Amino acid sequence: MSTPDLNLLVTLNVLLAEGSVARAARRLRLSPSAMSRQLARLRETTGDPLLVRAGRGLVPTPRALELRESIGRLVQEAEAALRPAETLNLKQLARTFTIRTREGFVENFGPALIARIAEQAPGVRLNFTQKLDKDSTPLRDGTIDMETGVVGDDTGPELRTQPLFRDRFIGVARNGHPLGADVITPERYAAGQHILVSRRGLQKGQIDEALEELGLERQIATIVGSFSAALALARASDLIVSVPERYTGNLRLDMHSFALPVPTSDVMISLLWHPRMDADSPHRWLRGCIRDICAERRAG
């Protein structure tokens with residue numbers, strides 16, 4: 001089997017992006033006849049017409065639509081690999097990075113991260129956006145540069161990940177809450193009124209499962225979608241909430257935090273990004289800054 005001409009990948013990427021032989025020819029500085037010959041070679045190589053006539057224009061075949069995203073990614077990665085390495089001048093770097101996080105990350109890690117960036121690269125700006133779901137599309141299309149979160153089965157399989165820190169769930173109540181007056185047993189804990197944090201509106205969590213194994217059940221007074229909302233409610237009432245310890249350090253200042261009386265699973269918080277940004281020097285530098293800040297910060 002002969003080795004395919006990899007130059008055809010560039011041609012195919014431009015053809016699929018432009019949807020026109022004439023426009024693709026201009027973009028690649030080829031004559032229309034030369035581009036037509038390239039399209040013929042692509043059709044022969046792939047065994048698919050790729051672009052077919054529809055009125056005065058061309059439309060992609062299902063095979064072409066299937067290839068469009070992967071071909072674009074391959075070309076970008078190849079260009080990055082062949083691009084000469086440049087010395088990163090942080091003092092002259094002017095760029096805005098968009099980072100998607102859940103509430104708590106900015107409050108706990110943002111100040112130290114922004115201070116470090118201001119010192120090393122004053123022309124860099126961070127744009128933090130709220131993470132409402134685990135959809136990987138914004139990373140794929142470049143709407144965001146990176147995000148923090150828990151890697152799971154619904155994480156895009158092509159994404160790169162870097163563990164940042166391990167977190168555990170703890171209980172939190174207002175200062176002076178009756179629960180803090182004595183040893184917190186599973187029975188005393190279950191007897192309280194609780195807040196359940198669930199973005200998907202679930203009625204139970206792993207704490208409820210652990211209590212059930214002991215023959216106990218806690219009363220869920222309300223369900224909210226964020227840690228910050230839950231902690232605000234707990235601060236102003238006798239409600240009890242469980243939250244990740246490191247992620248909410250600054251959000252629960254002046255509140256009573258305690259170890260849960262039942263076992264729960266730890267979570268690993270990771271940094272996620274698209275592989276096309278792997279070789280980007282500024283992106284790599286920022287990933288290092290985030291990793292270092294998270295390693296330096298300790299739970300409060």
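**Aromatic rings and charges over them**

Tutor: In this predicted model, R287 lies over the face of W273, at 4.3 Å from the ring centre; a charge counts as sitting over a ring if NZ of Lys or CZ of Arg is within 6 Å of the ring centre and within 35 degrees of the ring normal. Residues are numbered from 1 along each chain as its sequence is written, and side-chain values use heavy atoms, without hydrogens and water. Local features need pLDDT of at least 70 and side-chain atom pairs count only at pLDDT 80 or more, whereas totals for chains, interfaces and linings use all residues.

Student: How many aromatic pairs does the structure hold?

Tutor: Rings of Phe, Tyr and Trp (its six-membered ring) pair if their centres lie within 6.5 Å, with planes under 30 degrees apart counted as stacked, over 60 as edge-to-face and the rest as tilted. The structure holds five such pairs, and one of them is the tilted pair of F109 and F165, at 5.2 Å centre to centre with 35° between the planes.

Student: Which parts does the pair of F109 and F165 tie together?

Tutor: Helices (H or I, at least four residues) and strands (E, at least two) are DSSP runs, numbered from the N terminus. F109 lies in helix α5 (residues 105-120) and F165 in strand β6 (residues 160-167), so the pair ties together parts that are 56 residues apart in sequence.

Student: Are F109 and F165 buried or exposed?

Tutor: Both F109 and F165 are buried, that is, under 20% relative accessible area, where exposed means over 50% and partly exposed in between (1.4 Å probe, protein chains only).

Student: Which residues do ring pairs link into a cluster?

Tutor: Ring pairs join F105, F109, F165 and Y247, while R246 lies over the face of F165, at 4.6 Å from the ring centre.
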